[in-house]
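Dear colleague,

I am passing on the structure we spoke about, with the sequence alongside.

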Amino acid sequence: QKTVNKVVTIPAGVSTGIQIRLPGEGQPGINGGPHGDFFVEIEVENHAFFRRNEFDVLLDLDINIAQAVLGDEIRIPTLNGEVELRIPPGTQPGNTFRMRNQGIPYLRSSGKGDQLVTVSVQIPSRLTSEQRELFEELAKTMDPDIKIQNQSFFEKLREVFGG
């Protein structure tokens with residue numbers, strides 16, 4: 001038995017469980033027959049903040065309340081480097097933005113999946129005295145009536161993902 005080092009090209013877009021066949025690199029055949037094939041099974045590690053859904057890349061993004069209310073343009077990571085994402089005024093927690101062709105390359109064809117960015121609005125737990133005064137002034141101008149939602153969170157998710 002001997003150890004052999006081989007260079008294996010891993011195509012972009014592979015996922016855990018995909019096997020790559022190296023023809024003729026396996027064990028010798030019976031009675032001097034040709035060598036069999038060698039298979040390499042891929043296991044893809046999780047990323048620190050990207051998740052994967054087939055060929056789409058999912059990213060959860062925290063923004064502050066001012067960015068959600070007023071809108072903003074922020075730089076976010078993609079698999080291809082940082083890009084600008086426009087957060088429109090009035091963005092709600094859970095809104096998802098689709099960035100076309102910023103996902104994982106398709107395996108046996110051209111093109112890429114998308115990147116889906118889901119926003120979470122961070123509500124401050126501590127305020128400076130100046131921030132508190134500003135929020136108190138703002139609160140005086142807001143409608144104090146409580147609104148009951150007519151659609152559950154899961155129904156909204158179904159709409160986003162087309163289910």
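Where is N101 found? N101 is found in the loop between β7 and β8, where strands (E, at least two residues) and helices (H or I, at least four residues) are DSSP runs numbered from the N terminus. Before the rest, a word on conventions: this is a predicted model, in which local features need pLDDT of at least 70 and side-chain atom pairs count only at pLDDT 80 or more, whereas totals for chains, interfaces and linings use all residues. Residues are numbered from 1 along each chain as its sequence is written, and side-chain values use heavy atoms, with hydrogens and water left out.

**Backbone**

The phi angle of N101 is near 60 degrees, a positive value in a residue other than glycine. N101 is partly exposed at a relative accessible area of 46%, the classes being buried under 20%, exposed over 50% and partly exposed in between, with a 1.4 Å probe and protein chains only. N31 also has a positive phi, near 55 degrees, and is likewise not a glycine; N31 lies in the loop between β1 (19-22) and β2 (38-41) and, with 82% relative accessibility, counts as exposed.

For V117, the contacts (heavy atoms within 4.5 Å) beyond its neighbours within four places in sequence are L59, L61, I76, L85, N95, T96, F97 and M99. One of these, F97, is also a bridge partner, pairing with V117 in β8. β7 and β8 run antiparallel and are joined by 4 bridges, where DSSP must find at least two for strands to pair. The covered face of β7 carries F97 and M99, while T96 and R98 are on the uncovered one.

**Aromatic rings**

There are 2 aromatic pairs, counted when ring centres of Phe, Tyr or Trp (its six-membered ring) lie within 6.5 Å, with planes under 30 degrees apart called stacked, over 60 edge-to-face and the rest tilted. F49 and F50 form a tilted pair, 4.9 Å centre to centre with 55 degrees between the planes; F49 is partly exposed at 40%, whereas F50 is buried at 11%. The F55 and Y106 pair is edge-to-face, because the planes stand at 80 degrees, with the centres 5.3 Å apart. This pair links distant parts of the chain, 51 residues apart, with F55 in the loop between β3 (50-53) and β4 and Y106 in the loop between β7 and β8. F55 is partly exposed at 25%, and so is Y106 at 34%. The charged end of R52 sits over the ring of F55, 5.7 Å from its centre, the rule being NZ of Lys or CZ of Arg within 6 Å of the ring centre and within 35 degrees of the ring normal.

**Helix α2**

F135 is found in helix α2 (residues 129-141) and is partly exposed, at 33% relative accessibility. Not counting residues up to four places away in sequence, F135 touches I65 and L127.
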